[in-house]
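Open the model in your viewer and keep the selection tool at hand. The tour goes stop by stop, with a short note on what to look for at each one.

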Amino acid sequence: MTEDQIQELDWYSCLHCGWTFKPERGYPEMNLPKGTDFNTVDADFKCPKCGAGLKDFALRDKPY
Ligand SMILES: [Zn+2]
């Protein structure tokens, strides 16, 4: 995936604590490499900060 394609991916934020998944960084601590589309993460994904499940994440507007 190119940098441009990664920039196209959506950001998702936890509705409880505000933690945000950014595809341009990914989340290597949970085996989500840079360029991961959040729509493809495992159904048992949990917010690393507060433990909320996927259903508590929402699309977030990017600051750019
Ligand atoms: Zn959270």
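Strands here are DSSP E runs of at least two residues, helices are H or I runs of at least four, and both are numbered from the N terminus.

A word on what you are viewing. This is a predicted model; local features need pLDDT of at least 70, side-chain atom pairs count only at pLDDT 80 or more, and totals for chains, interfaces and linings use all residues. Residues are numbered from 1 along each chain as its sequence is written.

**Stop 1: the sheet**

Select β1, residues 11-14. Strand β1 pairs with β2 in the antiparallel sense over 2 bridges. With β3, β1 pairs in the antiparallel sense over 4 bridges. Two strands count as paired if DSSP finds at least two bridges between them.

Show the 3 strands together: they form an open sheet in the order β2-β1-β3, with antiparallel pairing. β2 and β3 stand at the edges with a single partner strand each, so one side of each has no neighbour in the sheet.

**Stop 2: the hairpin**

Stay with β1 and β2. They form a hairpin, with 5 residues between them. Pick S13 and T20: T20 is the bridge partner of S13 in β2. Then click G18 in the turn, where phi is positive at about 90°.

**Stop 3**

Select the loop between β2 (20-21) and β3 (57-60), where N31 lies. N31 is not a glycine, yet it has a positive phi of about 60°. Is N31 buried or exposed? It counts as exposed, because it has 10 C-beta neighbours inside 10 Å. The cut-offs use C-beta atoms placed from the backbone: buried means 20 or more others within 10 Å, exposed means 12 or fewer, and partly exposed is in between.

Move to T36, also in the loop between β2 and β3. T36 counts as buried because it has 21 C-beta neighbours inside 10 Å. Which residues does T36 contact, leaving aside neighbours within four places in sequence? They are P23, G26 and V41. Contact means that C-beta atoms, placed from the backbone, lie within 7 Å. Draw a C-alpha to C-alpha distance from T36 to G26: it is 6.1 Å, across 10 residues of sequence.

**Stop 4: the whole chain**

Zoom out. The protein has 1 helix and 3 strands, and along the sequence the pattern is α-β-β-β. The C-alpha trace spans about 30 × 25 × 15 Å along its principal axes. Of the 64 residues, 9% count as buried. Contacts between residues 24 or more positions apart make up 53% of those with a separation of 6 or more.

**Stop 5: confidence**

Colour by pLDDT, the predictor's confidence in each residue from 0 to 100. The mean is 95, and 100% of residues reach 70 or more. Where is confidence lowest, and where is it highest? It is lowest in helix α1 (residues 3-8), at a mean of 95, and highest in β1, at 98.

Note on methods: Two residues are in contact if their C-beta atoms, placed from the backbone, lie within 7 Å.
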